[in-house]
Amino acid sequence: MEHNMTKMQQIPQELALHGRVRSLSQKEVNKQMGHIILLRSMMRLDDTELFSRPDMFWDLPEQEKTWELLHKYLEVPYRVSVMDKQLEFMNSIYEGLKAEAQARHAAKMEHIIIYLIAVEVVFGLID
């Protein structure tokens, strides 16, 4: 998570300096988005482990209060919420980069189509 946050700090700087992010290819953006989705799904799918009481308390109900105090002391719901917000922020940056790359690709395709139409018109005039 820290590695991803460090990497994320470089993106706005590079965007401000160069007007685009040169250090990330479209494939790398997609991989990072997949990584974020994986982290979020692991966090959400493992909610049962993060928020519910462990199975051992079925056998030791007198220890359940200890678990509740520890869970509250460690602020587990708050920490999960903070992580979720950080991942959401990171994902929104990658979504923006992906949209920008798709717009560049669409513009490039439009130029190619215009060029091909121009070539066809020239060949039509030659005949």
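**From one leucine to the core and the pocket**

Start in helix α1, where you will find L15. Keep in mind as you look around that this is a predicted model. L15 is partly exposed, because its relative accessible area of 39% falls between the 20% limit for buried and the 50% limit for exposed. Setting aside neighbours within four places in sequence, L15 is in contact with R20 and V21.

Now jump along the chain to L97. L15 and L97 are 82 residues apart in sequence, and 9.8 Å separates their C-alpha atoms. Not counting residues up to four places away in sequence, L97 touches I11, V21, L24 and V29.

L97 also brings us to the largest nonpolar core, which has 15 residues. The members that touch the most others are M8, I11, L24, V29, Y94 and L97. At least two core residues come from each of α1 (2-18), α2 (26-45) and α6 (76-126), and α6 gives the most, with 7 residues.

From here, turn to the largest pocket, with a volume of about 160 Å³. The elements that supply two or more lining residues are α2 and α6, and α6 gives the most, with 5 residues.

What classes of residue make up the lining of the largest pocket? There are 5 nonpolar, 2 polar and 5 charged residues.

Conventions. Residues numbered from 1 in each chain as written. Predicted model: local features only at pLDDT ≥ 70, side-chain atom pairs only at ≥ 80, totals over all residues. Heavy atoms only, no water. Core = buried A, V, L, I, M, F, W, Y, C linked by side-chain atoms within 4.5 Å. Buried < 20%, exposed > 50% of the residue type's maximum accessible area, 1.4 Å probe, protein only. Helix = DSSP H or I, 4+ residues; strand = E, 2+ residues; numbered from the N terminus. Contact = heavy atoms within 4.5 Å. 1 Å grid on protein atoms, 1.4 Å probe; cavity = no way out; pocket = protein on both sides within 12 Å on 5 of 7 lines; lining within 4 Å. Points joined across faces, edges and corners; volume = space filled by probe spheres on them. Nonpolar A, V, L, I, M, F, W, Y, C, P; charged D, E, K, R; others polar.
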